[in-house]
Amino acid sequence: MKITNVESFVLHVPINPPITDAINVASHWGLAGVRIFTDEGFVGYGYTGTTANGDEMITDTIDRYYAPELIGKDPFMVKEIWDQLRFGKMHWIGRAGVTHMALAAVDIALWDIMAKASQKPLWQYLGGHKSKRIKAYNTNGGWLNWTKERLLKDVTDIVQQGFTGVKIKVGKPDPREDYDRVKAVRKAIGDEVIFMIDVNQQWNINTAMTWGKKLEEFDLYWLEEPLNPDDIMGHKKLADELNVPIALGEHVYSKYAFRDYIHQGAVEYCQVDVTRVAGVTEWLQVAGLAAAYDVPICPHVGDMGQIHQHLVATTSNAIMLEYIPWIRDIFIEPATVIDGFYILPQMPGASTEIIPSCFDKYRVR
Ligand SMILES: [Mg+2]
């Protein structure tokens, strides 16, 4: 099989209502992506996720530097292609950020092609580990711009829908307000539901140490991204001192960075994101690394779960997957959660193929 054409795209899908966390404001979810065409008729779809900022830098990288390298290549040589793009012309300015996210889109499209050509959903093509469903936890009721009333209503609704895990955002200017919201949510959802909080890098080490300790009384399942994601030493201190486990990974770009986090005991739930670590190829390497340290994987869903449901289903140490349903309606086979569990996809491919009319509707580039 040979690649005959590469076409990038940017979609902006509205988020209603717009959301905030401690550092992001988002009214649309951006898909900076690529369609890769082959001489055998298979078309691969891949994308990375954005807050609808900077997508054009990602697709520029694909158009100018990756597409010319891809023409004529065999998609089944994905690992060689990954190395060629990773260590090619973009290496000087790359290795993380824009170029790495562009590589994610390309790599995901290639895995989509391989699974489609093999007539298997990606999770089976990779080797299945969970055959029917995977546990989901819901993040979509806990945004930082929600009033306390809306927060409590949403988390209660989520639990009534069958979810057994919820996550809310913290990182208000006054941590006492966070404490008050966390206390109220725990009371509303009861003791049985697993409950995570996400700081989105807003705290410094002293705030994290002080408020992390105070919040332990609410039996939190994890404390997510308390500090700057480059601060391995700070997270190691928190992991040592706090009784609540540390989760992170959505801003960690490579297996090398994960190696340092995991080897130093600075992360206790690994949230490696396929749209961040340059695709399925590197994601699987991080998952294997984490397995050797008995660190569970719970991916952050920059893809909104479409690809990660396959990856969790093929990975023995992946225990659960985040759920945010913002963009599910644009896909031919949308990620589907029933009674708090993702129901595994059955169509061949990586569940990345977009409905043509949605493609027209949301395309901005
Ligand atoms: Mg997060």
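The model is a predicted one, and its chain is divided into domain 1, which takes in residues 3-119 together with 356-362, and domain 2, which covers residues 123-343. A magnesium ion is coordinated by Asp198, Glu224 and Glu250.

**Extent of the domain interface**

- The centres of domain 1 and domain 2, taken over C-alpha atoms, are separated by 24 Å, and contact between the two involves 33 residues of domain 1 and 36 residues of domain 2.
- Between them, domain 1 and domain 2 bury about 2,900 Å², and 71% of this area is on carbon and sulfur atoms.
- Of the area that domain 1 buries against domain 2, 20% is supplied by Trp29, Tyr47 and Trp111, which is more than any other three residues supply.

**The side of domain 1 that touches domain 2**

- At least two residues of this side come from each of the strands β1 (3-20), β2 (25-38) and β3 (43-50), and likewise from each of the helices α2 (78-86), α3 (97-117) and α12 (356-362).
- Helix α3 gives the most to the side of domain 1 that touches domain 2, with 10 residues.
- By residue class, the side of domain 1 that touches domain 2 divides into 24 nonpolar, six polar and three charged residues.

**The magnesium site**

- The magnesium ion is coordinated through OD of Asp198 and through OE of both Glu224 and Glu250, at 2.0 to 2.2 Å.
- Along the chain, the donors of the magnesium ion follow the spacing D-x25-E-x25-E.
- Glu224 lies in strand β7 (residues 222-224), whereas Glu250 lies in the loop between β8 (246-248) and α9 (255-263), and this pair, 26 residues apart, links distant parts of the chain.

**Salt bridges**

- One of the salt bridges is formed by Glu7 with Arg363, whose closest N and O atoms are 3.7 Å apart.
- Because Glu7 lies in strand β1 and Arg363 in the segment after α12, the pair ties together parts that are 356 residues apart in sequence.

Technical notes:
Residues numbered from 1 in each chain as written. Predicted model: local features only at pLDDT ≥ 70, side-chain atom pairs only at ≥ 80, totals over all residues. Heavy atoms only, no water. Domains from an automatic or database assignment. Contact = heavy atoms within 4.5 Å. Buried area = accessible area lost by both parts, 1.4 Å probe. Helix = DSSP H or I, 4+ residues; strand = E, 2+ residues; numbered from the N terminus. Nonpolar A, V, L, I, M, F, W, Y, C, P; charged D, E, K, R; others polar. Donors = N, O, S within 2.8 Å, 3.2 Å for Na, K, Ca; no water. Salt bridge = Lys/Arg side-chain N within 4 Å of Asp/Glu carboxyl O.
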